[in-house]
Structures are given as C-alpha cells and as structure tokens.
Amino acid sequence: MSQHHILYALEDKPSFMVSLTAAVQHVLASFIGVVTPTLIIASALGLQAEVPYLVSMALLVTGIGTFIQTRGFGPVGSGLVAIQGTSFAFISALLMVGTTIKARGGTNDDILAMMFGVCFWGAFVEIILSQFITQLKRVITPITTGVVIIAIGISLIKVGMTDLAGGFNSDDFGSVENLNLGLTVLLVIIFFNAHRNRWLRLSAIFIGMSLGTLIAFFAGMTDFTALTSLPVFSFPQPFKYGFNFDWTLFLPIALIYFFTAIETAGDLTANSLFCQLPIRGDKYLKRIRAGILGDGFNSLMAAIFCTFPNTTFGQNNGVIQMTGIASRKVGYFVAAVFVVLGVFPFIGAVLQAIPKPVLGGATLVMFAMVAVGGVKILTSEPLTQRNSLITACSLGMGLGVMMVGDVLAQLPPWLGNIFVSPVTTAGLTAIVLTVVLPGSKVADTSTESLQTDDSQPRPCTEK
C-alpha cells in the first residue's frame, strides 16, 4: 500500500477492537518466530525438559521488550511499533556453545548457564555499538551484511532438514512417515505463501504447522502427557540455571550481536518509512540509536530471565504496511498479548509436543528464506570484481569450515572455537577484506540514510 494510505499514524489512538485486531495479526506474524529458536536449540541439545519454561520466558520477554521498544524510556527504545522476538541469527553460534559444554560432560544446567552467560555479556556489544552506529559504515556494507545473513541461513538449513527427517538421534530418522509429514508441511506453507490473499500469506507457517500437527495427532505421532504435570503459571526466575562465561565461546556470539545491530537499523528504517517518518536527519538518527540500544537492553534482560537474544522483527513491518495501522497503541496491545501467553507454561509444553518433522518442514522454509534475504541484500550493490572477490572468499571460508569441520582440528582450542562457526568465519573474512582490498569508496545503501541533514517533513508526528 502507498504511504499516503496510513489509516492510523504513530500517535493516533484507534478503538479497542481495531487495536486488538491489528495486534493479533502482529502476534500471528511473529509467534512462530519467537518460539522456534528455543525449540530448535532445545531439540538439538537434548533440553526438552526445560522447554516449557524456556518458551514461557521467550514469550514473556518478547512482550516486555516490545513494550520497552514501543513506549521508549529515555534513550532506550525507538518509540515505533517495533516488535521484539527471539533472534534466529544466534542459533548456529549457540548450538556451538551448547555442544562444546555437552562434550565437556556438562549437565543441562551447565549448558544453559554458559549460553545465557555469554549472551548476557554479548548484549553489551550491541549496547555500546548503538552509540557509534554512523562510524561503522566503512565496514558494514551490503556485501558484509549479506554474506553474514547468507551464512546464517545456510548453516541452519542442516538443522531444519535434520528435524524434517525425525530429529537428531531419533530411532526412525529418515523414515517414510517422517519425510511425508515434513514435506506435507513444507508444501502447505509454499501453497499458502503463494496465495493472493495477504492474510493467508501472513499465516502460512502457522497454518502449515497446525495442519501438520493435526495429521501427526491422528497418526499417533504426538504426546501431550506432559501437560498434566505442569504448573498453572510460570514466573521469571533470574539466572535460574546459573551463570558462566568462556571467552572462546563468547567471541562468535559477540560478532553476531555486531551484525544484529546493523540488521535492526535496516528494520527500523523500513518501519519509519511505513509510518511516514523521516529517514534522514537528527531525529531519525536518534530513533535508530535508541532502537538498537533497546535491542541490546532487551537481550540483556532476556539472558537474565533465561531466554535467548532478542531482535527487532522485520516481518511485522509488513503487517503495518498491509493494515495501514502504525499506531503506538497497537504495540502496547501486542506486548500485553505476549505477556499473557508467557505466564502460562502449558503453551511451551504444547509446542514441545509438535513432532520434529513438522518443525523441520516449517523451519526449512524459514532458514532458506533467511539465506535468500541475504542474497537480496548482497545484490543491492553492483557485484564488481572487488565485491565478487569479497563474497567468494568469505562464503568459501565460512561454508568450507562448516563442510570440513576437521580443518580446525590442529588449531589451539580457543582459536578453533572462534572459527568453528561458519557465520563468524564468513563475517570476519568479509570485514577484513572490505578494509584491506583497494577499491572505490564504499557505497553502503543500507546505511546511506544516516545523514545529519534534515529531510522534508512527513505527515506523521513522532514522540
């Protein structure tokens, strides 16, 4: 829709029913994205017993974080309807952290204590980075950002395909039943995502997973017995699993926070456009800085209350564009819905009962789309000889490490742990080459709007 068809601007106050209806659409667009990283990490590391609490905290922190980001408190929070949620970008690095601790003989509590410990300190990377966002344009270009996002998507496709076949170490891995169920979910999502109706496209993943779970239920592939032993309410317990830290495991997480800040800047710029706010000038710069600081603060809170790092969800910008409702009031409703969902642990138990092939069929699409998003960013600049060389070397190094894990076997353990993540290797290679390779002035279209001159006034007022 055109910018001129905004029905409710940022400061407008639509009625209760209009606000609730818009909020539900935001929740449907982001709910699966909020809980899926937790389900993937728990499945891969054998943390199923902790899933109800972890999912509850993911939903609760999403609600609180969305309120902080939407309301804005001093320098923290963009003041936009910027829905927060668990970031997919950290899954690969967190799985590396978890498998390392597990290989050392660590318990579930040890695994979670280390993951939340490195995420806690990593959040300060984004908090500090928010104050220097305009100084990073030299190295944060569409090439470096695109390479990192492609590496994230490709590294996660293996996880999605493993779940589609039945999950890690499952007795029926690769069975015809698992493949049929996973592929059915995949095809349903593709069908609805290609539908002309925008609401069906928006709900494609939700519909696919719901239908897949229903099929699995009648096929005897689900188990809901855990629901009977759950408490009615779930309340946050700071550092429930303890707190630990390891420098070698921290560095890959820190690098992901670095790129997440840049991704958030892009999402908030798109949000500003849909709200008809300036995307140049001091007010815009202040909004982006506050939004990235909000992301960092919310990730810090997430680690304290035992869930994984938060980020601003880009898919919710599409909801604003489709509905024409950019009102801050809607953000408050979204936050309230997520908080209510978060205090009831049976939601996590229901999601835990979703068969792995259903989860795999849905996440395979999500992860592939992450990679496609990286390609779009990468090709937003001309692929000159220099850019092509940076891309080829970075992806070659990153994916090479992923495919041939033994290549790092002779390195010191601390160095091997840093580069075992294809995302870290690809990202660092891209940054180094961007700095050292000669070429024309870097034209960063993703951050070119970070100017100091004010643009023409827009119809929508802001806080």
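Colleague: How many of the residues of the chain count as buried?

Modeller: In this predicted model, 56% of the 463 residues do. The chain has 17 helices and two strands.

Colleague: Why is F250 called buried?

Modeller: The relative accessible area of F250 is 8%. Buried means under 20%, so F250 counts as buried.

Colleague: And what makes W247 exposed?

Modeller: W247 has a relative accessible area of 58%. The cut-off for exposed is over 50%, so W247 counts as exposed.

Colleague: Where do W247 and F250 lie?

Modeller: Both are in helix 9, residues 247–274. They are three residues apart there, about one turn of the helix.

Colleague: How many aromatic pairs does a search of the whole structure find?

Modeller: The search finds 18.

Colleague: Which residues do ring pairs link into a cluster?

Modeller: The cluster consists of F120, W121, F124, F239 and F243.

Colleague: What sits over the ring of Y53?

Modeller: The charged end of K240 does, 4.0 Å from the ring centre. Likewise, the charged end of R71 sits over the ring of F73, with 5.4 Å to the centre.

Key:
Residues are numbered from 1 along each chain as its sequence is written. This is a predicted model: local features need pLDDT of at least 70, side-chain atom pairs count only at pLDDT 80 or more; totals for chains, interfaces and linings use all residues. Side-chain values use heavy atoms; hydrogens and water are left out. Helices (H or I, at least four residues) and strands (E, at least two) are DSSP runs, numbered from the N terminus. Buried means under 20% relative accessible area, exposed over 50%, partly exposed in between (1.4 Å probe, protein chains only). Rings of Phe, Tyr and Trp (its six-membered ring) pair if their centres lie within 6.5 Å; planes under 30 degrees apart count as stacked, over 60 as edge-to-face and the rest as tilted. A charge sits over a ring if NZ of Lys or CZ of Arg is within 6 Å of the ring centre and within 35 degrees of the ring normal.
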